[in-house]
Amino acid sequence: MTNFLIFYSLIVLSLTSFFSCSIRAQNPKALLLPVTKDSLTNQYIVEIKQRTPTVPIKLTLDLGGQDLWVKCDESYVSSSYKPILCDSAQCSLSGPNACLETCSGPLRPGCTNNTCSLTPDNTVKGLATVGTLGSDFLSIQTTNGENPENFVNVPRFMLACGTFLNDLAKGVKGMAGLGRTNISIPTQFSSVFNFPRKFALCLTRSRRSQTPGFVIFGDGPSKLLPEIDVSRDVELTYTKLFINPVSTASTYSEGDKSSEYFIGVESIRVTGKALRFNTSLLTITKEGCGGTKISTVDPYTVLETSIFKALIKSFGTALPGVPQVKPVKPFGLCFNSTFLYKTVFVGYAAPSIILMLQDKAEWIIFGTNSLVDVKYDVACLGFVDGGLNPRTSIVIGGYQLEDNLLQFDLVASRLGFSSPPLIFESTDCASFNFTSA
């Protein structure tokens with residue numbers, strides 16, 4: 001145990017030294033990334049400024065992703081890119097990775113000798129490939145919690161060089177991982193700028209780039225339009241974050257833990273009545289199966305088959321006066337929406353779906369986050385069948401997260417979420433004031 005503590009201390013000291021030589025004399029309290037929604041794929045997109053000379057790079061946001069990875073091909077041109085060497089502390093920090101001793105192709109980013117090797121994961125496709133670890137210049141905007149402020153630079157931000165962009169949105173060059181690892185984006189930013197290891201995520205349903213949602217690393221947000229004081233006006237419910245003891249990545253080593261965010265759902269209720277299914281599916285087994293995780297990669301919540309069938313049966317029964325129509329893929333329950341009443345605050349007046357969490361917390365899903373308009377007169381329940389024996393029993397997808405403020409506190413290992421949604425306070429995730437103060 002003593003040897004482990006000495007080794008870990010050396011790793012942290014080395015990483016601190018690595019970053020301390022990398023940043024300018026700035027100490028922001030929080031950093032800001034706008035998040036837009038791609039209309040074709042329903043993926044959530046962020047844009048970073050990277051490389052020398054600096055270029056904007058679009059990435060698909062992956063809440064549970066292990067790292068920031070980009071495709072490193074002939075178009076990756078940067079005078080500030082540096083490979084992370086095999087025996088370096090930074091390589092050890094990134095995990096039990098291999099070493100690429102010799103690269104057979106022309107030397108360039110992603111193809112260098114004696115370089116730390118890892119497996120960047122395209123979680124949209126479910127495909128991980130062998131890649132390498134490097135560092136490069138990155139610039140990101142700061143925020144005071146109300147408005148964006150100046151940009152700050154990290155000349156040696158660690159990133160992985162990946163290969164396959166299959167199924168990612170048009171123009172995207174990789175993925176931005178916010179997961180629980182030593183080299184994820186939140187962890188690196190908190191190490192560089194010495195602020196708390198936490199971040200806020202607010203996804204908008206708007207597909208217009210002029211009205212983005214946001215990720216704020218560190219403290220925030222403090223205000224949303226129109227003059228909403230978040231600490232005073234927005235009530236957050238808190239629940240514990242769990243660590244799955246077995247990795248849920250496409251490829252992993254024995255002993256790896258999952259980098260994704262799991263919460264403790266104990267039951268699901270529709271109009272106050274608990275769904276009937278085998279609740280042992282909600283517990284994470286020692287093999288890492290079951291449980292409930294949160295995902296920005298899955299556009300809609302995915303349920304194990306028995307849970308899915310119980311939900312659509314109960315939800316359909318609770319709307320006896322609304323005609324059901326032929327389901328539109330990927331959904332399993334659809335309605336004639338002309339028979340549904342639409343409200344200002346909760347969207348369709350539909351049965352509430354309540355996730356009963358540990359510590360008696362409740363995550364209430366109203367019509368605005370449960371029913372999806374697929375045609376002018378058809379609305380479908382925005383949950384999909386994940387099949388029998390999926391790796392994770394419940395995956396809470398992006399549509400159910402939209403216009404809910406989520407705060408991930410990695411030190412306290414807890415999640416705060418706005419329940420009811422922000423619309424109850426006459427605001428939403430597109431209401432961060434992106435104009436400079």
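This is a predicted model: local features need pLDDT of at least 70, side-chain atom pairs count only at pLDDT 80 or more; totals for chains, interfaces and linings use all residues.
Lys 37 stands opposite Tyr 44, a residue of strand β2. Strand β2 covers residues 44–50 and is joined to β1 by two bridges, with the two strands running antiparallel. Together β1 and β2 form a hairpin, and six residues lie between them. In that turn, Asn 42 has a positive phi of about 65°.

Strand β1 itself spans residues 30–37. It also pairs with other strands. With β14, residues 213–218, β1 pairs in the antiparallel sense over six bridges. Within this pairing, Leu 32 stands opposite Ile 216. With β10, residues 131–143, β1 is joined by two bridges, again antiparallel. Here the bridge partner of Leu 31 is Thr 142. As for cover, six of the eight residues of β1 are buried, so the strand is mostly covered.

Is Ser 393 buried or exposed? Its relative accessible area is 2%, and because buried means under 20%, Ser 393 counts as buried. Beyond its neighbours within four places in sequence, Ser 393 is in contact with several residues, including Leu 281, Gly 290, Val 302 and Ile 307.

Phe 424 lies in the segment after β34 (414–418). The relative accessibility of Phe 424 is 30%, so this residue counts as partly exposed.

Key: Residues are numbered from 1 along each chain as its sequence is written. Side-chain values use heavy atoms; hydrogens and water are left out. Buried means under 20% relative accessible area, exposed over 50%, partly exposed in between (1.4 Å probe, protein chains only). Contact means heavy atoms within 4.5 Å. Helices (H or I, at least four residues) and strands (E, at least two) are DSSP runs, numbered from the N terminus. Two strands pair if DSSP finds at least two bridges between them.
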